[in-house]
Amino acid sequence: MTARRVTQADVARMAGVSQATVSLVLNGDLARIGEATRQRVLDAIGRTGYSANPVAQRLAKGRNQIVGVFTYEPVFPRGGADFYHPFLVGIEAEAERWGCDLLLFTSATVENGRRRLSGKARAHLGITDGCVLLGRAEDKNELVALINDGFPFVFVGRRELPGTADLPYVGADYTRATEDVVRIFLEQGHERVGFVGERSDRESVADRVAGYRTAMREAGLRPMSFDADELTPAEIVDLVVDNHLTGLVLAEGHRAEGIRVAAAERGLTVPADLSIANLGQPEVPVDSDLTWTGFHIPREEMGEQALALLIDLIDDPGRQTDRHRMLPCAVTRGETVVAPKK
């Protein structure tokens, strides 16, 4: 025979108080309760082994202590990419500190390889108190709609929206980090350094381009940018030779090994003949015997800070808080940028 579950009413009878008083003690509201009464309630809880229903407690506060995580791309791909994993580690660690549960949304409609945050998927967000969003393929109109609905969310990565919509985010300072990496080339005496990256209006790309151009122009040098999406590694090396470049900064780190191989086929070695730096970790890990110059994105900390900001917005939507948090990237000098040959 299964034992009957102890209730708040049982605790109240044993302590000689009302059930409302037991509830106040459990919720930590002690302003109207004397110390002796509080202790009687705690003693009764200890003797009965009462365990509060966490769902009921959460609903009594107007929240359910469940936070959503929505990603526009799969976070557990079969190909072995682990770019999103550190973000999730940070989110999980911060959720544990706040005592909230995480709900990963995976049922959203997929269109052209990306999940859509509308229709059924948008309705499902209502299960949660708020949501952390990740991914490269967001629909900004959907984000504007979330803001207009008053739904609390935070994006991992800097995002700008059309009009006056103010999107809360936690991003990495790619602009400053890229400037610092380019200055490593300049310190070594490079004067002809090219930028290789996709042609895109995505903020993460625009910030890297801005950092590169700022550092080059401050040094009185001409920026030279190439659209990597239209070029093979061999064609990039052709551009290096044709433009007498001595260095490259790569917005996408996964291209580094391919360019290195193509350079070797032309009789050029990295870094003796061509210095290369990566502007962040590649989304798909790449095996290499070199420690690449560049910077590392604080992905785990970004996840932590995103959830912390979300908790702030949920607890007090009207409170003045920094809704845009930019974290520094750690620059690595590595071994792939050396002085150019004379």
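The legends below describe an overview and several close-up views of a predicted model. Residues are numbered from 1 along each chain as its sequence is written, and side-chain values use heavy atoms, with hydrogens and water left out. Because the model is predicted, local features need pLDDT of at least 70 and side-chain atom pairs count only at pLDDT 80 or more, while totals for chains, interfaces and linings use all residues.

**Overview. The protein chain holds twelve helices and 14 strands.** Helices (H or I, at least four residues) and strands (E, at least two) are DSSP runs, numbered from the N terminus. Of the 342 residues of the chain, 46% count as buried, where buried means under 20% relative accessible area, exposed over 50%, and partly exposed in between, with a 1.4 Å probe and protein chains only.

**View 1. Arg 255 lies in the loop between strand E10 (247-250) and helix H11 (256-265).** Arg 255 is buried, with a relative accessible area of 18%, and its side chain is joined to that of Asp 229 by a polar contact of 3.3 Å. A polar contact is a pair of N or O atoms within 3.5 Å; within protein, one must be able to donate a hydrogen and the other to accept it, and residues adjacent in sequence count only if both atoms are side-chain atoms. Leaving aside residues up to four places away in sequence, Arg 255 touches Ala 228, Asp 229 and Leu 250, a contact being heavy atoms within 4.5 Å.

**View 2. His 244 is found in the loop between helix H10 (233-242) and E10.** Although His 244 is not a glycine, it has a positive phi of about 55°. Is this residue, His 244, buried or exposed? His 244 counts as exposed because its relative accessible area is 59%.

**View 3. Phe 195 and Tyr 212 are both buried.** Rings of Phe, Tyr and Trp (its six-membered ring) pair if their centres lie within 6.5 Å, and planes under 30 degrees apart count as stacked, over 60 as edge-to-face and the rest as tilted. By this rule the count comes to five aromatic pairs. Phe 195 and Tyr 212 form a tilted pair, with 5.4 Å centre to centre and 35° between the planes. This pair links distant parts of the chain, with Phe 195 in strand E8 (residues 193-197) and Tyr 212 in helix H9 (residues 203-218), 17 residues apart.

**View 4. The peptide bond from Val 270 to Pro 271 is cis, with omega near 10°.** Pro 271 has its place in the loop between H11 and strand E11 (275-279).
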